[in-house]
Amino acid sequence: MKTSSPSLLKATLAIVRKDLAAEFRSFEMISAMLVFSLLVIIIFNFALELDIKTRQSVTAGVLWTTFAFAGTLGLNRSMSVEKDRGCMDGLLLAPVDRSAIYFGKAISNLTFMLVVEAIILPVYSMLYNVNLFRIDLVGVILLGSIGYTAVGTLLSTMSAQTRTREILLPILLFPVAIPVLWRPSKPAADY
């Protein structure tokens with residue numbers, strides 16, 4: 001009797017449901033990412049006592065720094081919890097395509113990152129007195145977050161197998177993620 005493995009979509013959604021259910025039971029990762037993000041924004045707010053025009057010019061840098069650091073914290077936690085609880089071994093033994101594991105973890109990590117970003121944007125708007133409620137900005141944040149979590153999920157899976165995973169992930173991730181996060185200082189038309 002031959003058993004068929006679940007489809008890629010079913011397996012991916014099962015992993016996403018598992019991750020979301022585990023996180024929304026404890027709020028361990030989202031709360032850590034959120035507190036860290038709030039601290040980064042508050043530190044930047046007090047460290048950069050700037051006029052309104054300068055605050056608007058540093059908004060992109062402060063936001064992406066905050067999102068990158070919080071995202072790295074979340075990516076690290078996501079994979080280290082799987083490794084420490086032995087869940088990664090169970091996922092690898094499941095009769096599913098390995099890409100379903102990657103896509104499931106990437107979608108979960110993206111969801112956690114977007115939840116934190118949705119909370120951080122209004123707080124940042126209030127602290128810095130900058131209007132961030134624009135559709136083009138939301139699109140850029142969404143695309144940047146997708147790129148960051150796509151690369152970060154892959155690298156966090158690899159670094160989770162090492163003893164120095166907390167240090168190794170940022171060392172691997174930040175240089176690779178620079179094209180996702182980089183914003184030229186001059187508009188493209190000026191080049």
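Q: What does the secondary structure of the chain come to?
A: The chain has seven helices and zero strands. Along the sequence, the pattern reads α-α-α-α-α-α-α. As the model is a predicted one, local features are reported for residues with pLDDT of at least 70.

Q: And what box do the C-alpha atoms fill?
A: Taken along the principal axes, the box is roughly 70 × 35 × 30 Å.

Q: What percentage of the residues count as buried?
A: The chain has 191 residues, and 37% of them count as buried.

Q: Moving to electrostatics, how many salt bridges does a search of the whole structure find?
A: The search finds four salt bridges.

Q: Which residue forms a salt bridge with R77?
A: The partner of R77 is E28, and their closest N and O atoms are 2.0 Å apart.

Q: What about D19, which side chain does it meet in a salt bridge?
A: The side chain of D19 meets that of K18, at 2.7 Å from N to O.

Q: Why does D19 count as buried?
A: Its relative accessible area is 7%, so D19 is buried; the cut-off for that class is under 20%. K18 is partly exposed, with a relative accessible area of 32%.

Q: Where does R134 come in, and with which partner?
A: R134 forms a salt bridge with D136, and the closest N and O atoms of the two are 3.2 Å apart. R134 is partly exposed at a relative accessible area of 41%, and D136 is partly exposed at 47%.

Q: Which residues do salt bridges that share partners join into one network?
A: That network consists of K18, D19 and K105.

Q: Which residues line the largest cavity?
A: The lining is made of M29, M33, G71, G74, L75, N109, F112, M113 and T149. Helices α2 (28-47), α3 (52-84) and α5 each contribute at least two residues to it.

Q: What classes are present in the lining of the largest cavity?
A: Five lining residues are nonpolar, four are polar and none is charged.

Q: How much space lies in the second largest pocket?
A: That pocket contains about 260 Å³ of space.

Q: Which lining residues lie nearest its centre?
A: A22, E23, V81, E82 and R85 lie nearest the centre, out of 15 residues in the lining of the second largest pocket.

Q: Which helix gives the most to that lining?
A: Helix α1 gives the most to the lining of the second largest pocket, with five residues. At least two residues come from each of α1 (8-26), α2, α3 and α5.

Q: And by class, what does the lining of that pocket have?
A: The lining of the second largest pocket has eight charged, five nonpolar and two polar residues.

Q: Turning to the backbone, what is the phi of F27?
A: F27 has a positive phi of about 55° although it is not a glycine. Most residues other than glycine have a negative phi.

Q: Where is F27 found?
A: F27 sits in the loop between α1 and α2. Its relative accessible area is 42%, so F27 is partly exposed.

Q: Lastly, which residues make the nonpolar surface patch of about 250 Å²?
A: L8, F103 and I107 make that patch. I107 lies in helix α5, which spans residues 98-128.

Q: Why does I107 count as partly exposed?
A: I107 has a relative accessibility of 37%, and it is therefore classed as partly exposed. The class covers values between the buried limit, under 20%, and the exposed limit, over 50%.

Note on methods. Residues are numbered from 1 along each chain as its sequence is written. This is a predicted model: local features need pLDDT of at least 70, side-chain atom pairs count only at pLDDT 80 or more; totals for chains, interfaces and linings use all residues. Side-chain values use heavy atoms; hydrogens and water are left out. Patches are made of residues with over 30% relative accessible area and no salt bridge: like charges are joined within 9 Å, nonpolar side chains (Val, Leu, Ile, Met, Phe, Trp, Tyr) within 5 Å. Accessible areas come from the Shrake-Rupley method with a 1.4 Å probe; for residues, only the protein chains shown count as cover. Helices (H or I, at least four residues) and strands (E, at least two) are DSSP runs, numbered from the N terminus. Buried means under 20% relative accessible area, exposed over 50%, partly exposed in between (1.4 Å probe, protein chains only). On a 1 Å grid over the protein atoms alone, a cavity is a set of points where a 1.4 Å probe fits but cannot get out, and a pocket is an open set with protein on both sides within 12 Å along at least five of seven lines; lining residues have an atom within 4 Å of a point. Ala, Val, Leu, Ile, Met, Phe, Trp, Tyr, Cys and Pro count as nonpolar, Asp, Glu, Lys and Arg as charged, and the others, Gly among them, as polar. Grid points are joined across faces, edges and corners, and a volume is the space filled by probe spheres set on the points.
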